[in-house]
Amino acid sequence: MENTVKLFVPTLAALTLSAASLSAVALTSTDRFGEPAQPAAADRTIVIGSSTKFVNVKHGEVVKIVAGGKEFAWDFDGLPMAFDLKQIAPEGAIDHSVRVYIATSDQDISIGD
């Protein structure tokens with residue numbers, strides 16, 4: 001029993017420290033979704049209409065988005081994942097759910113070590 005307790009206490013301490021360090025490196029909105037960009041830097045423009053359900057972009061791509069009479073540019077340099085465009089669009093620009101799918105780009109793929 002004494003040996004079990006000796007093993008348990010250091011293991012518990014290590015787990016506690018690991019959990020604390022994970023919360024210290026929590027992802028910000030910019031880390032997850034990317035960040036606003038200048039429209040002049042856009043590689044292309046996507047127009048969001050009432051029937052638009054999703055858009056596809058590449059990781060690191062800068063896109064100008066036109067929706068609801070508003071326009072904004074976004075650098076999709078966050079995580080390659082899917083999310084709702086409303087999370088980054090200006091207030092009132094999008095009145096329905098539009099999923100953004102971020103694909104990995106050629107720069108994300110490396111061959112070898």
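User: What makes K64 partly exposed in this model?

Analyst: In this predicted model, K64 has a relative accessible area of 21%, and because buried means under 20% and exposed means over 50%, with partly exposed in between, K64 counts as partly exposed.

User: Why is the meeting of K64 and E71 called a salt bridge?

Analyst: The side chains of K64 and E71 come to 3.7 Å, N to O, and since a salt bridge asks for a side-chain nitrogen of Lys or Arg within 4 Å of a carboxyl oxygen of Asp or Glu, the pair qualifies. E71, with a relative accessible area of 49%, is partly exposed.

User: How many salt bridges does a search of the whole structure find?

Analyst: The search finds two salt bridges; besides the pair of K64 and E71, E61 forms one with R44, where the closest N and O atoms are 2.6 Å apart. E61 lies in the loop between β3 and β4 (62-67) and R44 in strand β2 (residues 44-48), so this pair ties together parts that are 17 residues apart in sequence.

User: Is E61 buried or exposed, and how do you know that?

Analyst: The relative accessibility of E61 is 13%, and because buried means under 20%, E61 counts as buried. R44, by contrast, has a relative accessible area of 34% and is partly exposed.

User: What else surrounds E61?

Analyst: Leaving aside neighbours within four places in sequence, E61 is in contact with D43, R44, W74, D75 and F76.

User: Why is the pair of F54 and Y101 called edge-to-face?

Analyst: The planes of F54 and Y101 stand at 70 degrees, with 6.2 Å centre to centre, and because rings pair if their centres lie within 6.5 Å and count as edge-to-face when their planes are over 60 degrees apart, the name applies. F54 lies in strand β3 (residues 54-58) and Y101 in strand β7 (residues 99-103), so the pair ties together parts that are 47 residues apart in sequence. F54 counts as partly exposed at 48% relative accessibility, and Y101 counts as partly exposed at 37%.

User: Which residues touch the most other members of the largest nonpolar core?

Analyst: Among the 20 residues of that core, I48, F76, L85, I88 and V100 touch the most other members. The elements giving two or more residues to the core are β2, β3, β4, β5 (70-75) and β7, and the largest share, three residues, comes from β4. V100 touches V55, V57, F76, M81, A82, F83 and L85, not counting residues up to four places away in sequence.

User: Where does H96 lie, and what does H96 touch?

Analyst: H96 lies in the loop between β6 and β7. Not counting residues up to four places away in sequence, H96 touches I48, G49, S50, T52 and K86, and a polar atom of the H96 side chain lies 2.8 Å from the backbone oxygen of T52.

Technical notes. Residues are numbered from 1 along each chain as its sequence is written. This is a predicted model: local features need pLDDT of at least 70, side-chain atom pairs count only at pLDDT 80 or more; totals for chains, interfaces and linings use all residues. Side-chain values use heavy atoms; hydrogens and water are left out. Rings of Phe, Tyr and Trp (its six-membered ring) pair if their centres lie within 6.5 Å; planes under 30 degrees apart count as stacked, over 60 as edge-to-face and the rest as tilted. Helices (H or I, at least four residues) and strands (E, at least two) are DSSP runs, numbered from the N terminus. Buried means under 20% relative accessible area, exposed over 50%, partly exposed in between (1.4 Å probe, protein chains only). A polar contact is a pair of N or O atoms within 3.5 Å; within protein, one must be able to donate a hydrogen and the other to accept it, and residues adjacent in sequence count only if both atoms are side-chain atoms. Contact means heavy atoms within 4.5 Å. A nonpolar core is a set of buried Ala, Val, Leu, Ile, Met, Phe, Trp, Tyr and Cys residues joined through side-chain atoms within 4.5 Å.
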